[in-house]
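Please read the following walk through one protein model with the coordinates open.

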Amino acid sequence: MSSKIRDYNKLAVDILNELGGEKNIVTVSRCATRLRLVTQHTPDHAKENIAKLPGVITVVEKGGQIQVVIGTHVDKVYNAFTQLVNTDNKIEAGNDNNILNRIIATMSAVFAPFVYILAASGILQGILILLKLACPELEKTGTFEVFNFISWAPFFFLPIFIAITASQHFRCNLYIAVACCAALLSPTWTEFAKLISEGQEIDLFGIALSQTTYASTVLPPLFLVWLLSYLERFLEPRLHSIIKPVLLPLFSLVIMVPLTLLVVGPLTANGAQYIANGYNWFVSLAPSIAGGIIGAVWQVFVIFGVHWGITPVIVENFKQYGQDSFQAFQTIAVIGQVGAALGFYLKTKTQEMKGISLSAFITGLFGITEPAIYGVNLRFKKPFIYGCISASCGGIVAGFFAPHYVAYAGLPGPLTIVNAISPNNPGSFIGVLIGSLIALLGPVVLIQILGTGETIQDTVNSQENINIEDDNPKILLDEVDITSPMTGHALPLSEVPDPAFSQKLMGEGIAIEPTDNHVYAPFDGEVTAVFENSKHAIGLTLDNGVELLIHVGIDTVNLTNNEFEYHVELHQKVKKGDLLISFNPEAIKQAGYPLITPIIIVNTDQYQQISLTDKTQVTVDDIIFNIKQ
């Protein structure tokens, strides 16, 4: 595992530079713990160099994707990364044609952004289960009913969540996608479906409709949005700009919703049901074998980032039967790796690895195992193997009790075991509990007997690293003044029309609305980040240790028609006053982009105090930052 991270925004810049810059990025997405990137080509040693960056747990290259495993702070890196690249006008990936890889990547992109919402709802359902057991009368109260429908709401309206994330993944209009999927959840359609199920025939264009309902479904809204993206690309160039805002959503609604009700919905819903039924048949035939296999290999799927592919099966089980066995066995597999991290913590003699393994264990309690896998278990191999073996044994034993989850767990793990409590199947919770204890304690015992997998050299290196400082750049001065890189009207970041800047997610700084068309070096230093496709921004590491990002305009990453011109190159040494960028203000304004220029101190966290100028008009001779270490 790499050293302590100093800045997530800097990490995004470093990853981008290692991958060859913006022009080499095809797509950007994320899941719960990893940044997922598709590039036109992978530069030599990029994978190894990124893995060494502070804050990166490891890098996995799978199915045409470069998956940068970061952990629970991946959202910060993702937000910073998407500020640096324009993903709207990228070419299609040329090396990701494998259908399975594309399906897995899609599932990850669609479900990862709201998985914590589902996890929170699942935990709330677990709490309600415990309260109901403790006080059966509580179930009859209005309070219980209110919190019960709150816990189920995200699952009922799952198509809406899918519409939002799938529209971003397939690059179509978010609001049209939501409108189409919302139509599928109409109470009127629910009434129609009920009447059809009772034998009444209702037709559309003379074709009989099926009784399929769409609450809590996955594949129907997903395929709807996928097809919608093609429809939009067909209609966009054929509709006049004056009437397009009205006709595009109109045509989309009247085409996609009937098409889904007649064809897409029934086919995909039945497909998901058949797959789920196939899995359920196997579990009913040999539950212990199923539990043993899932316990043994599930975390291997996590390593390669392909674990999202099972989500439609799980959701379909809850929709059709109100319960699911896969998550019961999945929980045991997760706990196996949590137990391995705990066993490593108890056995290792090095302080560094004690800290890493304890942190990984705590994170694993919430169902997130990447830190445990990459930071400890897989790194030393034995703990990972012991975790898989113990989880397999736990799954085999649990299988004898026919365990099921009766509430969906967004992130199965130790905290969601209560989701297996079922009055209709008392043995379910017992099976999951026994299986989880085997998975937790098994690797602890095995590691104490057979060792952690650490070598003598690992121990020596760890002890030596205790006295080695991290790779934070040295700040040479206790106090430094930074002058403005441009002339114009100074604004606080809070007035910048972009939350990444206004909420200071990128760091502390100031904004300038320029009255000139040049950007100058505010101090001696080096150019450490450029954006060749748009040339709209530049990163500098000054000789005093300050790291600056100068971002000319808002959303100007979308401009690629020579509105900007660089006068320096990457890694070039610059002197204060050197011309860095020139730009065409009129062309930028005509394209509809504000000229407001955020100037961000990327390594803000390294300084105790940053004072900003109170001037409203600044020139390149005016001090805008006073920085104290």
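Glu236 has a relative accessible area of 31% in this predicted model, which lies between the 20% and 50% cut-offs, so the residue counts as partly exposed. Side chains of opposite charge can pair when their charged atoms come close.

The whole structure holds seven salt bridges. Another of them joins Lys140 to Glu137, N to O 3.9 Å. Here both Lys140 and Glu137 are exposed.

A further salt bridge brings together the side chains of Lys575 and Asp524, at 4.0 Å from N to O. This pair links distant parts of the chain, 51 residues apart. Lys575 sits in the loop between strand 15 (573–574) and strand 16 (579–583), while Asp524 sits in the loop between strand 10 (518–520) and strand 11 (525–530). Lys575 has a relative accessible area of 52% and is therefore exposed. Asp524, at 24%, is partly exposed.

Rolling a probe the size of a water molecule over the atoms shows where empty space is left. In this model the search gives five cavities of 30 Å³ or more. The second largest cavity has a volume of about 90 Å³. Which elements each supply at least two residues of its lining? They are helix 1 (8–18), strand 11, strand 12 (537–542) and strand 13 (547–551). The lining includes Lys10, Val13 and Asp14, and also Thr528 and Ala529. Gly539, Leu540 and Thr541 line the second largest cavity too, as do Glu547, Leu548, Leu549 and Val602. Sorted by class, this lining consists of six nonpolar, three polar and three charged residues.

Phe531 is found in the loop between strand 11 and strand 12. Is Phe531 buried or exposed? Its relative accessibility is 1%, so Phe531 counts as buried. Its contacts, leaving aside neighbours within four places in sequence, are Leu16, Glu22, Leu84, His536, Ala537, Ile538, Leu549 and Tyr566. One of these residues, Leu549, also belongs to the lining of the second largest cavity. Another contact, Glu22, is 509 residues from Phe531 along the chain, yet the C-alpha atoms of the two are separated by 6.1 Å.

Gln330 is part of helix 14 (residues 326–347). At 8% relative accessibility, Gln330 is buried. Not counting residues up to four places away in sequence, Gln330 touches Ile294, Trp298, Ile314 and Pro412.

Two loop residues call for a look at the backbone. Most residues other than glycine have a negative phi, and most peptide bonds are trans. Arg171 is not a glycine, but its phi is positive, at about 60 degrees. Arg171 lies in the loop between helix 7 (158–170) and helix 8 (174–184). With a relative accessible area of 30%, Arg171 is partly exposed. Ser216, also not a glycine, has a positive phi of about 70 degrees. Its place is the loop between strand 6 (207–208) and helix 10 (219–235). Ser216 has 18% relative accessibility, which is under 20%, so Ser216 counts as buried.

Turning to the whole chain, the protein contains 21 helices and 20 strands. It has 629 residues, of which 51% count as buried. Among contacts between residues at least 6 apart in sequence, 75% join residues at least 24 apart.

The last topic is the confidence of the prediction. The average pLDDT of the protein is 85, and 90% of the residues score at least 70. Over residues 89–97 the pLDDT is below 50, and this stretch has 19 contacts in the model beyond near neighbours in sequence. Residues 459–477 also have pLDDT under 50. For residues 459–477 the model has 30 contacts beyond four places in sequence.

Definitions and conventions:
Residues numbered from 1 in each chain as written. Predicted model: local features only at pLDDT ≥ 70, side-chain atom pairs only at ≥ 80, totals over all residues. Heavy atoms only, no water. Buried < 20%, exposed > 50% of the residue type's maximum accessible area, 1.4 Å probe, protein only. Helix = DSSP H or I, 4+ residues; strand = E, 2+ residues; numbered from the N terminus. 1 Å grid on protein atoms, 1.4 Å probe; cavity = no way out; pocket = protein on both sides within 12 Å on 5 of 7 lines; lining within 4 Å. Points joined across faces, edges and corners; volume = space filled by probe spheres on them. Nonpolar A, V, L, I, M, F, W, Y, C, P; charged D, E, K, R; others polar. pLDDT = per-residue confidence, 0-100. Contact = heavy atoms within 4.5 Å.
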